[in-house]
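Hi,

Here is the structure I promised to pass on. Have a look at it first, and then read on for what turned up.

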Amino acid sequence: MGSDESFSPDAAVEAAAAGSRQDLARCVLRLRDQVLRCADGGMDGVSVGRLVAGVNDRILGRAAALTEEELGPPPCGYSLMVLGSEGRREQLLATDQDNALVFAGDDAPAQAYFEAFGGRLSVILVAAGFPPCPHGVMVDNPVWRRSASDWFGEVRAMTRVVEADAVLRLTQLADARHVRGEAGLCETLRGHLLRQVGDTPVLLMYMAREALRFRTPLGFFRNLVVERSGPDKGRLDLKKGGVFPLTQGIKTLALEHGLDETGTPERLRALRGEGVFSATMAANIQDAFDFFQSLRLRAQAAAVRSGMAPDNSIRPDLLSSAEREKLRNCFRFVEEFQTFLHAKFGLHLIS
């Protein structure tokens, strides 16, 4: 199936032209329906993630434009950024708000404007169908809404302390991707972060350790381990056991090498070019990531069609025997990658 067969360009055009909050909400529903058609047509999860990001960018950009129309023009330039899986263009049907903002001014009027901007933008996005981030990674939170000078100081401060919150926030900010405003503000901030983190080996060690936080759901005999009770009985979490270790580990390696890419496949190709991986390991990681994303897409689409909230879990018993075997192999590749990270960053020193 072609990469754009189920995705009409009208979705992005319609989002960019939305004139109200209600129009944005209709765009979100239309996007969901298009993703469902992509899943039904067998489109791979990586391609769908890129297409979803393209439309979501237009929706977010238009929401920001509506916010400016309500508040008046901003007093200085700004960059509205998306973070996390949205920044990496890997979001599917399970979504919430993950955004941040950097603005050029540092005076009281700029601070007041963007405080109001962050609050209204978050309300518009919730009304459109983007739930609030449960961890508060949104522009209505002053932690994620700062002037450029404040961001620079904050990044320097976070790289000088090795504690869980700083590691988490730097990791999230490393995925920042510009959506609206002045792209140079985002690029400058990311460049500053790359230099600061790259010059702090101990911080990279703790970032790499995060990729080992979750074990793969493989048993002693390489059987797939599922939840034995509770609401997730018979299911396993693809994100915790598969996607997160790969995205986090590859991101850490990209930071170590000062790479500017944000997407996981793009980072992986760049790292292969740097000689970080053998051709076989790079191919295995890419194959695992692609398979995980496609399984997530299918499972999320099935959940939505059943009237349930999409998440990152699957039921292995619904897969074919060939798919279950491939899933076991993909988790084995994840384990090999985690072993690679453990040795490369000397994680025995901080375990």
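The crossing of α6 and α7 is left-handed. On the α6 side, the residues in contact are Trp 151, Glu 154, Val 155, Met 158 and Thr 159, and they meet Ala 166, Arg 169, Leu 170 and Leu 173 of α7. Sorted by class, this contact of α6 with α7 has six nonpolar residues, one polar and two charged. Do keep in mind that this is a predicted model.

The other helix pair to look at is α3 (residues 45–71) with α12 (residues 279–305): their axes come within 7 Å and cross at roughly 70 degrees. Angles from 65 to 115 degrees count as roughly perpendicular, and α3 and α12 are therefore roughly perpendicular to each other. From α3, Gly 45, Val 46 and Val 48 take part, and they meet Phe 289, Asp 290, Gln 293, Ser 294 and Leu 297 in α12. The contact of α3 with α12 splits into four nonpolar, three polar and one charged residues.

The largest pocket holds about 1,200 Å³ of space. It has 39 lining residues, and those closest to its centre are Asp 98, His 135, Gln 172, Lys 239 and Phe 244. The elements giving two or more residues to that lining are α4 (84–87), α7 and α10 (238–256), so you will meet α7 again here. By class, the lining of the largest pocket has 13 nonpolar, eleven polar and 15 charged residues.

The second largest pocket has a volume of about 410 Å³. Of the 16 residues that line this pocket, Arg 235, Ala 299, Ala 302, Arg 315 and Leu 318 are nearest its centre. Helix α12 supplies the largest share of the lining of the second largest pocket, with five residues. That lining divides into ten nonpolar, one polar and five charged residues.

Among the residues lining the largest cavity are Asn 56, Asp 57, Leu 60, Asp 98 and Phe 130. Helix α3 gives the most to this lining, with three residues. The lining of the largest cavity divides into four nonpolar, four polar and four charged residues.

Cheers

Technical notes:
Residues are numbered from 1 along each chain as its sequence is written. This is a predicted model: local features need pLDDT of at least 70, side-chain atom pairs count only at pLDDT 80 or more; totals for chains, interfaces and linings use all residues. Side-chain values use heavy atoms; hydrogens and water are left out. Axes are lines fitted to C-alpha atoms, for helices over the stretch in contact, and angles run from 0 to 180 degrees between N-to-C directions. Helices (H or I, at least four residues) and strands (E, at least two) are DSSP runs, numbered from the N terminus. Angles under 35 degrees count as roughly parallel, over 145 as roughly antiparallel, 65 to 115 as roughly perpendicular and the rest as oblique. Contact means heavy atoms within 4.5 Å. Ala, Val, Leu, Ile, Met, Phe, Trp, Tyr, Cys and Pro count as nonpolar, Asp, Glu, Lys and Arg as charged, and the others, Gly among them, as polar. On a 1 Å grid over the protein atoms alone, a cavity is a set of points where a 1.4 Å probe fits but cannot get out, and a pocket is an open set with protein on both sides within 12 Å along at least five of seven lines; lining residues have an atom within 4 Å of a point. A crossing is left-handed if the near helix is turned anticlockwise from the far one by less than a right angle, and right-handed if clockwise. Grid points are joined across faces, edges and corners, and a volume is the space filled by probe spheres set on the points.
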